Amino acid sequence: MKAKDIIKLMNNWADPELIDTWDNTGFQVGDAEKNIEKILVSLDLDRKLLDYAIDGNYDMIITHHPLIFKPIDSITTENHKEKIIYDLIRSNIVAYNAHTNLDQAKGGVSEELGKILGLEQMTTLSLSEVEDGGYGKVGYIEAQNLKQYADFIKEKLDIDYLTIYGQVDKKIEKVAVCGGAGSDFIYDAYRNNVDLYVTGDIKYHEAQMADELGVSIVDPGHFHTEKPILPVIKKYLEGALDGKRIKIDLWNMPSPNYTIY
């Protein structure tokens, strides 16, 4: 199967019409006519991933975050990002990503996060200008205190630590989630009258605003709120490929790799 056929399958799920105006996403590097036998799925495309893909003879890399986000002026070996692009081309590896379209797609990043964290009766947290589009999910869990649910989150996301903004004995029942960096939707969480908002990359003043609005926050980190989508991408493609012999592997390492000490 050719790269363009794989891309079409991904676009059938994460419709390019859902790509936000500020985003740069989609087919970014490579030959659309290349025959694909091995695919590597990851959140990011960095040097460690690329070296692994080259050593493993992968034909295509599918990521959530775009490799090329801002315009570039050249492709040389003098710049870190440009050298990755250069080596992708030299190694004849196709790079494709689905970012805001996968955030907003049915069965996308936040919906999968919500499922894993036990949300029921899910609705969209923040509707976008695109028809049927929107970020984040709101749903209900069995009533419990914040500490109990935080322990549940740690178990489900397989993490040892997270950050809690709020009183750990607070009773929670209505929860909002947004995979990745969801601070832009704190006010949407407030308008939805949620008890808790689960998202990543919360800064000091954003947490302060949420506290003033009465919204508690759990921040497991950007990577950990988005990683649940990786096996979903693999499963979707394996089903869509309908028995075709294409090997699909997952890269579950955060970029940059980090340790909480």
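Guide: We shall discuss a helix and then a sheet. This is a predicted model, in which local features need pLDDT of at least 70, side-chain atom pairs count only at pLDDT 80 or more, and totals for chains, interfaces and linings use all residues. Residues are numbered from 1 along each chain as its sequence is written, and side-chain values use heavy atoms, with hydrogens and water left out.

Visitor: Which residues of helix H1 are buried?

Guide: An α-helix has 3.6 residues a turn, so residues three or four places apart point the same way. In H1 (residues 3-13), the buried residues are Ala3, Ile6, Ile7, Leu9, Met10 and Trp13. They lie on the same side of H1 because they cover an arc of only 155° around the axis, taken from the directions from the helix axis to the C-beta atoms. Buried means under 20% relative accessible area, exposed over 50%, and partly exposed in between (1.4 Å probe, protein chains only).

Visitor: Which residues are exposed on the other side of H1?

Guide: Lys8 and Asn12 are exposed there. The cover over the buried residues of H1 includes strand E1 (26-29) and helix H10 (229-240); contact means heavy atoms within 4.5 Å.

Visitor: In what order do the six strands of the open sheet lie?

Guide: Two strands pair if DSSP finds at least two bridges between them. The order here is E5-E6-E8-E9-E10-E7, with mixed pairing. Strand E5 (120-127) and strand E7 (163-165) are the edge strands, each pairing on one side only. Strands E9 (residues 196-200) and E10 (residues 216-219) pair in the parallel sense over three bridges, and Val218 in E10 is the bridge partner of Val198.

Definitions and conventions:
Helix = DSSP H or I, 4+ residues; strand = E, 2+ residues; numbered from the N terminus.
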